[in-house]
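Here is a friendly walk through a two-chain model. Take a look at the structure below, and then we will go through it together.

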Amino acid sequence: MESKAREELATRTLGHSDADRTEVLVSYDNSALTRFSHENVHQNVASEDAIVSVRAILGGRTGVAQTNRTDDASIREVVDRATEMAKLAPSDAAQPDLPHGGPTQTPPGAYVEATARADAQTRAALCDAFFRVAERDRLWSAGYAATSARGYTVANTNGVLASFDGTTAGINIKMSAADATGFAESASTDVRVVDAEAAAETAARKARETSKPQSVDPGLWTVILEPPAFAELLAYLGSHFSAQAYDEGSSFASGELGKTVFGENVSLHDDYAHPLALDAPFDFEGAPTKRLPLLENGAVRNVVTDSYWAHKLDMDNTGHALPAPNAYGPQPRNLVMLPGTKTTEELIASTKRGILISRLWYVRTVDQRQAIVTGMTRDGTYLIEDGKLAGGVRNLRFNQSILEALKHCELGLDLHRSTTYHYSIVTPAIKIENFAFSSTTVF
Amino acid sequence: MSFDGLAQRALDTAAGRGSRYTDIRFDVARSERIEVRNGVVAALADGTSSGYGIRALVDGTWGFAAGSEMTDTAIDTVAARAVAMAKAAASIARNPLGAAPAHAYVDVFKAPMVRDPATVPLGERVALLLEAERLLHVGDEIAVGRAWIDLWRTDKIFYSSIGSRIEQQLHQTGSGIAAMAVGDGDAQTRSFPGDIGLYMTGGWEVVERARLRENAARIGEEARALLKAPQCPSGTFDIILGGSQVSLQIHESCGHPAELDRVMGWEANFSGTSFLEIAQLDKLQYGSANVTIEIDNRLPGGMATCGYDDEGTKSGKSDIVRNGILVGYESSNDTARAIGRESNGCVRAQSWEFVPMIRMCNLNLLPGDVPFENLFDDVKDGIYMESNRSWSIDDRRLNFQFGCEIGWEVKNGKRGRMLKNPTYAGMTPAFWNACDAIGDRFSWFPWGTPNCGKGEPMQIGRTTQAAAPARFRNIAVGVGYGV
């Protein structure tokens, strides 16, 4: 569904509402994914859907209703349901007015026609490139090739009418040998720049190089996390920058705004217009999204807000609302860790003894305020000795405070966009001292 | 609800384009979420979603396409897309495994429900949560109180080109409360029931059974007390886990590794593989002789309870671990056939938009014969832990580390002082072989999980792991704090 049709639908929906204030979100998704294992496609899927969500506000009372039927009767019904729910809801004195919007500009390149038009044969060709490398090296492969076109339109009774269209293309490849595995990924808005052959070669090289892994003792190590691994860690810091978590005290940043808590080399932004992010310039309430430094030279600079939390805390609305209803508060959507000066090779060369980590798995919070997380290494874990890679090691479990990690780190030069999350995380590699491993596994 | 005309058209269109077997599943899903947070209704939302997903099989390879437009033209387009997807996959497949199901059924299944939540006025539903949430605030330390209800109703009809027509109606319901206390640079959370609430197949009776108002003040007090409780010690201890934590332990260390698609490498790039290799079937000493784990997809109240799975296989019982020995897997038609067995009906799709795949269903640890209070007997120096807070396991499901919201010392068979931040860790087979006692049927409960993630694109599954509290000897405790 193109933006013009979404805008017509959103405007038509608003016209049916007699609530004091109404917001309509029309979202559209046309996605396909080809998934394989052992050089067979076991899942080749495509789906298309459009959803209309209505937020009706009567005084301080709010109701939300949603449907994926767009005929006039269904639209009238969803508006009525939202209004009826609002009538029965308790009043919230802190409920602010809906945003009035403002000028926004979608970053060029967010929507790529070639990605939107990619078909099953396009994805099959990407997968076939993986298969040929696996067969050549007598490995087996597992992964996916995915393309999607998504758009959303926000309209409200304050005159907001904003639309965004974007595309994503992603590949994810794991190569397996008898006793080792390797991983690579690539993501872009443009399917033509996703290089399956290069990713397959990287994953295969890691599987070959880390075969016959040795055991090392857990304890405190110097580690280098490649970007996909660092993105997994950083994802667990993102919610700390929500104004809700900040106010309620579950964030490390609570009471720390303006204070320097990390090394001066650490700067983290939320930036929808970064060339590797290319996301919407407004949030799901239609408020313009600000490009913000969250951390600047180690100091906590900002938390993100939406209309509710901006009003409640008397802050500016930074335009980071999630779709209503949202009990999670505003959230960063496009984390970008600013790069350092050394390539990953230079970070390795400067390490006397350490571990290079390609990817992390099952990271979970152990302690919220200290941002201690646990998780496992996977798919390409190397020993570093005297500045050189020295073969594979068996995977390890870590228990590490992200806060402590960012106090003793060196950042890499080259930025990478992770494919793991629907929102983007852009990171360089990172070298961390005294990274805490607590145990090992048997592979 | 009937989609007979559209279904036949889809089956005919797909066959005409070369599909050897086709099925189509129509879903009409209704959902309601109410969440109260710090006295404010933070979510009051109602949703409907309807559509259909079509599977087509060409040259041993599957294609899947989904759409929501209920017209002849749209059905033709989506059916053709499913066949095109299958053909594209077949063009690069090296050793296709897909095969059509062998059995067809014509049936109707309705999951039992005592009281339809729709008969409870919305104002009453909201009022219950407002009161329960208010009762959590036992002191200024309670920074966040939450109370919630989830209601789901799914009507679906499955049609296949070998003659199945299966109509099902499922009601699933959940509710819970949680309090977060903040003070002295610490944040501690207590939740009830379990760690995510009480989730079961059924109606309003599930919300009543949760007894949110009756337990709210205790939960608030425990959250507040945790701020001042001593840190759980590190070392090797006997541990007793509460029922909901045992449920999660089964989920992560048996439910996921016993998924046969994972065993065969289909999840390798994301969720990982499994240590439960096919060569180990009927041989591996997975756990002690106390440990029997079975699938029961007709379990009353189970979140995965249904008449048939989403590729038309009839629900029933089957064994995964019998007296400690690995004896089975959760399977689909394709995967079961690959190891010379028949599917045990563990295929589910999140909704019409998603392809059916193997999902953990009702996978239960059978109760033992020890009354709950006797699990503490002859524990000289141990820890009792309740309600999960953190969970992580490696990508073959061996090395795990879990944390709970709350713990208590156990000294000489008696429960003592409260402990905060309890964690424990181990390797899966060693851990289950250290299980020397399981609570009896009076402490056994079908703990439901509404949000199990798997697959790419990620699908959210609803599953139950019925469990009783259980005792484990010589376990590593206190991992993660000071390493």
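How many helices and strands does chain B have? Chain B has nine helices and 23 strands, where helices (H or I, at least four residues) and strands (E, at least two) are DSSP runs numbered from the N terminus. Please keep in mind that this is a predicted model, in which local features need pLDDT of at least 70, side-chain atom pairs count only at pLDDT 80 or more, and totals for chains, interfaces and linings use all residues. Residues are numbered from 1 along each chain as its sequence is written, while chains are lettered from A and ligands numbered from 1 in the order in which they are written.

**Chain B overall**

The C-alpha trace of chain B spans about 70 × 55 × 40 Å along its principal axes. Of its 483 residues, 63% are buried, meaning that 20 or more other C-beta atoms, placed from the backbone, lie within 10 Å of the residue's own.

**Where the chains meet**

Chain B and chain A each bring 71 residues to their contact; two residues are in contact if their C-beta atoms, placed from the backbone, lie within 7 Å. Strand 2 (residues 40–58) of chain B gives the most to the chain B side, with 12 residues. Strand 2 of chain B also pairs in the parallel sense with strand 3 (residues 61–67) of chain A, over three bridges; strands pair if DSSP finds at least two bridges between them. Here A:Val64 stands opposite B:Ala45.

**A sheet in chain B**

Four strands of chain B form an open sheet in the order 12-11-10-15, with antiparallel pairing. Strand 12 and strand 15 of chain B stand at the edges, each with a single partner strand, so one side of each is left without a neighbour in the sheet. Helix 6 of chain B packs on this sheet, touching strands 10, 11 and 15 of chain B.

| Element of chain B | Residues |
|---|---|
| Strand 10 | residues 293–296 |
| Strand 11 | residues 317–322 |
| Strand 12 | residues 325–326 |
| Strand 15 | residues 363–365 |
| Helix 6 | residues 243–255 |

Strands 10 and 15 of chain B run antiparallel and are joined by three bridges, with B:Leu365 as the bridge partner of B:Ile293.

**A helix pair in chain A**

Helix 4 (residues 120–136) and helix 5 (residues 196–209) of chain A pack at an angle of about 35 degrees, with their axes 9 Å apart. These axes are lines fitted to C-alpha atoms over the stretch in contact, and angles run from 0 to 180 degrees between N-to-C directions. Among the residues making the contact are A:Leu126 and A:Phe130 of helix 4 of chain A, and A:Ala200 and A:Ala204 of helix 5 of chain A.

Terms used. Buried ≥ 20, exposed ≤ 12 C-beta atoms within 10 Å, placed from the backbone.
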